[in-house]
Amino acid sequence: MRNSIIAYLFTALALAATSALADGSASAGRKVFKECRSCHSVQEGKYDTFGPNLYQVVGREAGSAPEYNYSPVLKNSNIVWTVVTLDRWLADPQAFLPGSEMEYILESAKDRADVIAYLIAAGKR
Ligand code: HEC
């Protein structure tokens, strides 16, 4: 009995991990984004934040928001921000692009999927 519960939990966790990317919830992501707001805005034309503006960041080339002085690493990365590259960046910016200047890690895969869904939704206004 105990073993089957453990087996069930492992299966559930594995499924959650693989489907989290596809299943992000924009409304949950809005709450996660509160952690980003100290440095970022998703509002079009709002450039007075510490970090770059994230309006329509999904589909955009990394390091290309106006009015922001990026690190050379991010500026020259030739990365396009997609669901996949954003997930890797948010999981560990320094591992993904060593020498970049974002000091923030979002450990939960679900929080990452949700906040990416929010970034997509916020860019559609
Ligand atoms: C403490 C401040 C800070 C926090 C908190 C923070 N960031 Fe950043 N972020 C930065 C800085 C600074 C950069 C620019 C890094 C560089 O130039 O190397 C950046 C860059 C980015 C970029 C690349 C933008 C572009 O135009 O290429 C994305 C995407 C991003 N952050 C998303 C997020 C998200 C989502 C969160 C919340 C989960 C978050 N950040 C939290 C400071 C922060």
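Modeller: A polar side-chain atom of Tyr70 lies 2.6 Å from an oxygen atom of the ligand, a polar contact being a pair of N or O atoms within 3.5 Å. This is a predicted model, in which local features need pLDDT of at least 70, side-chain atom pairs count only at pLDDT 80 or more, and totals for chains, interfaces and linings use all residues. Residues are numbered from 1 along each chain as its sequence is written, and side-chain values use heavy atoms, with hydrogens and water left out.

Colleague: Turning to the metal, which residues coordinate the iron atom of the ligand?

Modeller: His40, through NE2, and Met102, through SD, coordinate the iron at 2.0 to 2.1 Å; donors are N, O and S atoms within 2.8 Å of the metal (3.2 Å for Na, K and Ca).

Colleague: Where do His40 and Met102 lie?

Modeller: His40 is in the loop between α2 (26–32) and α3 (72–75), and Met102 is in the loop between α5 (93–96) and α6 (109–122), so the pair ties together parts 62 residues apart in sequence. Helices are DSSP runs of H or I with at least four residues, numbered from the N terminus.

Colleague: And which residues come nearest to the ligand?

Modeller: Of the 24 residues around the ligand, Cys36, Cys39, His40, Ser71 and Met102 come nearest; a residue counts as near if one of its heavy atoms lies within 4 Å.

Technical notes
A polar contact is a pair of N or O atoms within 3.5 Å; within protein, one must be able to donate a hydrogen and the other to accept it, and residues adjacent in sequence count only if both atoms are side-chain atoms. Helices (H or I, at least four residues) and strands (E, at least two) are DSSP runs, numbered from the N terminus.
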